[in-house]
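User: I'm new to this one. Can you walk me through some of its aromatic residues?
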Amino acid sequence: MTFIFFISCKDSTPEVAEKKSTKLNITQEIPVYDFSEFEPLLYTDSNTTYLINFWAMWCAPCVKELPYIEALAAKHPDVEIILVSLDFPKDIETKLKPFLKKKNITQKVVLLDDPDSNTWIDKIDPNWSGAIPFTIIFNKDERLFFERSFENLEDIENQFKKLN
């Protein structure tokens, strides 16, 4: 499963602890978490809606949907967005930050560096194969999981309408 996770990118269609997302400033640090440090970000008791997107620079469908996520953030500033990079920590300064700057990505980015993906993937969603992009949209009452890329801003907004 781990091997598939790191080489697959899914582009098919089907189907927190409170931490305020701040806009990414290329000079600021991108936190690196293992799963136990990251897991509290997956839950909330507030009325805030969250979008957590698992992606990597090498995943073409992931990169393609990033502008739609940025557009969602601009249109809906009340939505908390966290982009979870699955790239290598050693590449933060030399590859990840330059990539984010080039692509005009301003949302909060964290890097998940936990080699035991067979364990944490199932904790996030037992139905998740490990392919990316993978997105969770949630609030305190409901969670929606998407193992696919979004086709446009309207596609993402339509999924938000499904939350209570």
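Analyst: Below we go through a few aromatic residues and their surroundings. Keep in mind that this is a predicted model.

User: Where does phenylalanine 99 lie?
Analyst: Phenylalanine 99 lies in helix H4, residues 92-102.

User: Buried or exposed?
Analyst: Phenylalanine 99 is buried, because its relative accessibility is 13% and the cut-off for buried is under 20%.

User: What is phenylalanine 99 in contact with, leaving aside neighbours within four places in sequence?
Analyst: Trp55, Met57, Val63 and Leu66. Take methionine 57: it is 42 residues from phenylalanine 99 in sequence, yet the C-alpha atoms are 7.7 Å apart.

User: New topic. How many aromatic pairs are there?
Analyst: The count comes to 12 aromatic pairs. One is phenylalanine 35 with phenylalanine 38: the ring centres are 6.3 Å apart and the planes are at 50 degrees, so this pair is tilted.

User: Where do phenylalanine 35 and phenylalanine 38 lie?
Analyst: Both are in helix H2, residues 35-38. They sit 3 residues apart, about one turn of the helix.

User: Which residues form the aromatic cluster?
Analyst: Phe35, Phe38, Phe54, Trp120, Trp128, Phe134 and Phe145 form one cluster.

User: Last one. What lies over the face of phenylalanine 138?
Analyst: Arginine 143, at 4.5 Å from the ring centre.

Conventions. Residues are numbered from 1 along each chain as its sequence is written. This is a predicted model: local features need pLDDT of at least 70, side-chain atom pairs count only at pLDDT 80 or more; totals for chains, interfaces and linings use all residues. Side-chain values use heavy atoms; hydrogens and water are left out. Helices (H or I, at least four residues) and strands (E, at least two) are DSSP runs, numbered from the N terminus. Buried means under 20% relative accessible area, exposed over 50%, partly exposed in between (1.4 Å probe, protein chains only). Contact means heavy atoms within 4.5 Å. Rings of Phe, Tyr and Trp (its six-membered ring) pair if their centres lie within 6.5 Å; planes under 30 degrees apart count as stacked, over 60 as edge-to-face and the rest as tilted. A charge sits over a ring if NZ of Lys or CZ of Arg is within 6 Å of the ring centre and within 35 degrees of the ring normal.
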